[in-house]
Amino acid sequence: LLAGRALKSAPVDEAAREPIRSINAAVKELASALEEIVWAANPSHDSLEGFSNYLSQYAGAVLRDAGLRCRLDIPALLPAQTLPSGLRHRLMMVVKEALNNALKHAHATEVRVQLELDGRRLLVTVADNGAGFEPATVERGNGLDHSVRRMEEVGGTCGLESWPGAGTQVRLIVPLPATEERA
């Protein structure tokens, strides 16, 4: 809050405003990271509903702040299903990577975030309507490799499809843990 207020009252001179803008961005990033750690560690969020709510809020806020339209395709009613914190955390890390790539590289106007259940599997899809690319020829960074590894750590998969001129889709599939009776 203080960094934001300082930015509003800073002189018009860009050289004076830039360090305050950097501090403001760093503080927001740190606050977001801390919020995610608290969310991931809180056992009251160890449910499909808790994950769904956080996913909706996070994607909506990030895309709105970037000026992109966000389409959420998430069921309103979800079964009482436990999702351990390690699984929730890994899913969110991969979703964040997909959203970050859409924001940085896709030149998209819309991103769709979909959550669906397929028997004992959870499917999460992040798809944009951006420029797309040819997966076989694009220079890859570490993001996709890390995403694939994170999903493998929880017995899942991370698939990527992209088409030049037609957008990119990241699809995560993870097995759901055995459901226990909840009081």
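Predicted model: local features only at pLDDT ≥ 70, side-chain atom pairs only at ≥ 80, totals over all residues.
Me: How many aromatic pairs does a search of the whole structure find?
Reply: The search covers the whole structure. Rings count as a pair if their centres lie within 6.5 Å. The number found is one.

Me: Are the planes of Y54 and Y58 stacked or edge-to-face?
Reply: A pair of aromatic rings is described by the distance of the centres and the angle of the planes. For Y54 and Y58, the centres are 6.4 Å apart and the planes meet at 20°. Planes under 30 degrees apart count as stacked. So the pair is stacked.

Me: Which helix holds both Y54 and Y58?
Reply: The two residues are four apart in the chain, about one turn of the helix. Both are buried. They lie in helix 3, residues 48-65.

Me: Which element gives the largest share of the largest nonpolar core?
Reply: This core has 34 residues, and F51, L55, L99, L122 and L172 touch the most other members. Elements giving two or more residues are helix 3, helix 4, strand 2, strand 3 and strand 5.

Me: Is C158 buried or exposed?
Reply: Buried means under 20% relative accessible area. C158 has a relative accessible area of 14%, so C158 is buried.

Me: Is C70 buried or partly exposed?
Reply: The cut-off for buried is under 20% relative accessible area, and exposed means over 50%. C70 has 26%, so C70 is partly exposed.

How values were computed. Residues numbered from 1 in each chain as written. Heavy atoms only, no water. Phe/Tyr/Trp six-rings, centres within 6.5 Å; stacked < 30°, edge-to-face > 60°. Buried < 20%, exposed > 50% of the residue type's maximum accessible area, 1.4 Å probe, protein only. Core = buried A, V, L, I, M, F, W, Y, C linked by side-chain atoms within 4.5 Å.
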